Every structure is written in C-alpha cells, then in structure tokens.
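I opened this entry to keep a record of what I looked up, in the order I looked it up.

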Amino acid sequence: MATNRRRKKAVYRKRRQNRFSMFLVSLVVVMILVVVAVKRIELSAKMDTNQEKIELLSGQIADEEVRAEEIAAYEKYTHTKAYVEEVAHDKLGLVYEGEIIFRENN
C-alpha cells in the first residue's frame, strides 16, 4: 500500500508540475504574441509617416527640378547681349548715342 501511495503522489506531482510548466509556456507564448502585435502596430504607424515623408520629398524634388531648369534658362540668358545691355542700362546708367531719356519729376 505504501508503494502504491507513493506512486500516486509521484504521478500527482508530475501532473501538477506538467500543468504548471504548460501554464508558464503558454504565458510566455502569449507575452511574445502581445509584444509582436504592439511592434507591428508601431511599425505600421512608422510606415505611414515614412510614406507621407516620401510624398513630401517627391514634391520637393519636382519643385527643385523646375527651379534647376529656370536657373539653367537664366544662365543662358546671362550670356546674351540683351542681358549685358539691360545691366549696363539699369545699374550703370549707360545709354546709346542719341538716346533721349525722360525722367519723372517727383
């Protein structure tokens, strides 16, 4: 009888330990799932903000390309005779021979 009782106690302890072990393993798995779910939500939000940044920067790139074209056109204009004449007239006050200048009285 004593041996039978010892066996029952041993089996009971093993079952109890097995249940506790399964509970701990399940708890760890649930914790990992929660962490993964939270990180997924954070990454999703980060992806949305990064997508907005990409769209904003794409617009800025397009604006800068247009500005670069304008600068290239202005550079070509600065190498023309018309630009030199305009600067000489506006900044230096030079005029052609025989040109008459009319000024307003303030």
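I took a salt bridge to be a side-chain nitrogen of Lys or Arg within 4 Å of a carboxyl oxygen of Asp or Glu. The model is a predicted one. By this rule I count two salt bridges.

Entry, salt bridges. I looked up Lys39 and found that it forms a salt bridge with Glu42, with the closest N and O atoms 3.6 Å apart. Both Lys39 and Glu42 sit in helix H1, three residues apart, which is about one turn of the helix.

Glu64 and Arg67 are three residues apart in helix H1, so about one helical turn separates them. Glu64 counts as partly exposed at 46% relative accessibility, and Arg67 counts as partly exposed at 47%.

Entry, aromatic rings. How many aromatic pairs does a search of the whole structure find? I got three. The ring centres of Tyr74 and Tyr83 are 6.2 Å apart and the planes stand at 80 degrees, so I list this pair as edge-to-face. Planes over 60 degrees apart count as edge-to-face. The rings of Tyr77 and Tyr83 have centres 5.4 Å apart and planes at 75 degrees, so I list that pair as edge-to-face too. I noted that ring pairs link Tyr74, Tyr77 and Tyr83 into a cluster.

For exposure of these residues, I have Tyr74 as partly exposed with a relative accessible area of 47%. Tyr77 is partly exposed at 32%. Tyr83 has 23% relative accessibility and counts as partly exposed, because buried means under 20%.

Entry, surface. Which residues form a nonpolar patch on the surface? I found Phe20, Phe23, Leu24, Leu27 and Met31, with about 510 Å² of accessible area together.

Entry, whole chain. I recorded two helices and zero strands for the protein chain. The chain exposes about 10900 Å², and carbon and sulfur atoms supply 60% of that area. Of the 106 residues in the protein chain, 1% are buried.

Technical notes. Residues numbered from 1 in each chain as written. Predicted model: local features only at pLDDT ≥ 70, side-chain atom pairs only at ≥ 80, totals over all residues. Heavy atoms only, no water. Patch = residues over 30% accessible without salt bridge, like charges linked within 9 Å, V, L, I, M, F, W, Y side chains within 5 Å. Areas by Shrake-Rupley, 256 points an atom, 1.4 Å probe, with all protein chains shown as cover. Helix = DSSP H or I, 4+ residues; strand = E, 2+ residues; numbered from the N terminus. Buried < 20%, exposed > 50% of the residue type's maximum accessible area, 1.4 Å probe, protein only. Phe/Tyr/Trp six-rings, centres within 6.5 Å; stacked < 30°, edge-to-face > 60°.
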